[in-house]
Amino acid sequence: MPKIFEYFGFVFFFYSNEHEPIHVHVTHNNCQSIFELIMMDGELVEIRVREKTGEEPLSAKDKKTAEEFIRKYSKNIINKWVRFFVLKQAVKSTTIKTKL
């Protein structure tokens, strides 16, 4: 379960046996939601949010923060996905200490 980002209490990660579409799990305050990155011609065109069965979902405010973060760092998230799932390379977690 590689953690890819930490951002003011939010943790962004992949499960090690993931599937497409590219998506990232986000936890904050013991809640979790999943954000799917929908790409077209190499560009992010949509972010879809879904809930993880058996987990309390992120609050509306936390979902908004997580989505803003994902929009800003989408290329980095996608690069980490490709490195981990396609190239089978380790990915390092990055702590972001600057507000969006």
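Me: A salt bridge is a side-chain nitrogen of Lys or Arg within 4 Å of a carboxyl oxygen of Asp or Glu. What makes R50 and E36 a salt bridge?

Reply: This is a predicted model, in which local features need pLDDT of at least 70, side-chain atom pairs count only at pLDDT 80 or more, and totals for chains, interfaces and linings use all residues. Residues are numbered from 1 along each chain as its sequence is written, and side-chain values use heavy atoms, leaving out hydrogens and water. The closest N and O atoms of R50 and E36 are 2.7 Å apart, so the pair meets the limit of within 4 Å. R50 belongs to strand β5 (residues 43-51) and E36 to strand β4, so the pair ties together parts 14 residues apart in sequence; strands (E, at least two residues) and helices (H or I, at least four) are DSSP runs, numbered from the N terminus.

Me: How do you know whether E36 is buried or exposed?

Reply: E36 has 12% relative accessibility. Buried means under 20% relative accessible area, exposed over 50%, and partly exposed in between (1.4 Å probe, protein chains only), so E36 counts as buried.

Me: Why do K75 and E43 count as a salt bridge?

Reply: Their side chains meet at 3.9 Å, N to O, which is within 4 Å and therefore qualifies. K75 lies in helix α1 and E43 in strand β5, so this pair ties together parts 32 residues apart in sequence. K75, at 54%, counts as exposed, while E43, at 45%, is partly exposed. The structure holds six salt bridges; E6 with K3, at 2.8 Å between the closest N and O atoms, is one of them.

Me: What makes the largest nonpolar core a core, and which residues have the most contacts inside it?

Reply: A nonpolar core is a set of buried Ala, Val, Leu, Ile, Met, Phe, Trp, Tyr and Cys residues joined through side-chain atoms within 4.5 Å. The largest one has 24 residues, and those with the most contacts inside it are I4, F5, F12, V24, V26, F35 and I70. Helix α1 gives the most, with eight residues. Beyond its neighbours within four places in sequence, F12 is in contact (heavy atoms within 4.5 Å) with residues including I4, V24, A66 and I70.

Me: How do you know whether the protein agrees with a compact globule?

Reply: The globule rule is 2.2 Å times the number of residues to the power 0.38, and the radius of gyration is taken over C-alpha atoms. For 100 residues a compact globule would have a radius near 13 Å; the protein has 13 Å, so the value agrees.
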